[in-house]
Structure formats: structure tokens, C-alpha cells
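Welcome to this structure. Here are a few friendly notes to read alongside the model.

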Amino acid sequence: MGTNETPPPKPTRPPVPRPAHAPPPSVPPPRQGLVISKRLLWVHGGAYPLENIVRVYTFVLRPWRGEAFARFLKRGGITLALLLFLMYLSDSSSGSSWDSGYGSSGSDMEGFVAFALFAVAMLLIYFFGVMASVVFAKEHDVLAIETNGRSTALVTGKREYLNQLVGSIAEAIDKPDAEFQAAVGTLAITNYGDYFFGDTVNMYGGSGNTGVVK
């Protein structure tokens, strides 16, 4: 005669206690400086994967002084030529108006010429200021970090120190566990188009193209 026996209860695992506080987030790299950590190169808060870096080099960032001065002469010459043309029209129109007995048109033309003189003077001052900001700009020793895209990171410092950073970054590209920090400066430049970025080559098709024009 069979008996109904209840199976023994299954052992239960104790609940895993949850931490009272979540672990603190990792500290972000400093925004001022150059840091390599976890296969990333941080430059003033911007991240560049090390595997995307194609070139690291130093050069002297020089302003286009001669081009800026030539541009000022061209703009100033055109502005002065326009002023002389307006003055010629003013003289011819004022002379004809007085001969015909109408003095009001001559006074209107004189007022227009006075306004044109003021506008031309302001333009010349503006053109001179633009030229002076380039001609008297300082040169900078720069470390450039180019990627396989269009982005380029630029930092400044002493030339010997930047040359050492080139070697450190090149070694870090081949070392997966590379970690280091360096203090570098930023560039206070409003228009990079006024500066010469070293040797450049523009090539449009063809074959057998060699050499660099300096």
C-alpha cells in the first residue's frame, strides 16, 4: 500500500545584496593638456582614437605677412581709385550745376562726397587693421596630430618638448597599454587661413608625380 509523501523543499539561494551606492564614474581626462589612455588620445577634451592617427609632426606656424600686405595694397588701391572717381564726378557735376544756375544739386553732391570720404576712410582703417593683425602676429612652435579624416589637433609649447611628445605618441600607437599625460598650450588664433601650415601638395590625377615645391 503506497503512501503519499511530500517532497522536501528545494534549497533557496539568499538574495544578493545590492550596493547602497553605485560605483563612482571614471574621472574624465583633463580639458587642459594631452592625455593617452585606453587607446584614446585626448587633446584639450577632444578624443582621437590612436588607430586613426596617420601623422604626428612639429613645425613653425608662420603668418602670411607678405600676402596680407599685398592684399592691403590691392584693397586700398581699389578703394582710393573709387574715391578719385567719385571726386571727379563731384567736381564735374558741381561745375555744371553752377553754370546752369542750380546750386542745390551741387550741395547735395558735396554731401554725398563727404559721406563717401568718411566711408572710404573707415574702409582703409579696417583693411589696415586686418593687415596689421597678420603682419605683427607671432610665430608658434606647434605639434600637429593628423587623423585619417579631416580633423587635425594643434597644440603649442617649446620646440624641444614638442619633439619629445612626437616620439611618445608614436610609441603609444604601437603599445596597447600606453598611458601618459603631458602639459601643452592652446593656440589663440582667430583665423587659421592667415597662417602657413608647412609644405602642402595639391595633386589632381596623373601619374609619376614626385617631389614637393617649396
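1. At 18% relative accessibility, His44 counts as buried (under 20% relative accessible area is buried, over 50% exposed, in between partly exposed, with a 1.4 Å probe and protein chains only). His44 sits in the loop between β2 and β3 (46-49), where strands are DSSP runs of E with at least two residues and helices are runs of H or I with at least four, numbered from the N terminus. Although His44 is not a glycine, its phi is positive, about 50°.

2. Before going on, please note that this is a predicted model, in which local features need pLDDT of at least 70, side-chain atom pairs count only at pLDDT 80 or more, and totals for chains, interfaces and linings use all residues. Residues are numbered from 1 along each chain as its sequence is written, and side-chain values use heavy atoms, leaving out hydrogens and water.

3. Most residues other than glycine have a negative phi. Lys38, also not a glycine, has a positive phi of about 55°. Lys38 belongs to the loop between β1 (34-37) and β2 (40-43), and is exposed at 67% relative accessible area.

4. What lines the largest cavity? The residues are Ala68, Arg71, Phe72, Arg75, Phe127, Val130 and Met131 (on a 1 Å grid over the protein atoms alone, a cavity is a set of points where a 1.4 Å probe fits but cannot get out, and lining residues have an atom within 4 Å of a point). Both α1 (65-100) and α2 (103-135) supply at least two of the lining residues, with the largest share, four residues, coming from α1.

Note on methods:
On a 1 Å grid over the protein atoms alone, a cavity is a set of points where a 1.4 Å probe fits but cannot get out, and a pocket is an open set with protein on both sides within 12 Å along at least five of seven lines; lining residues have an atom within 4 Å of a point.
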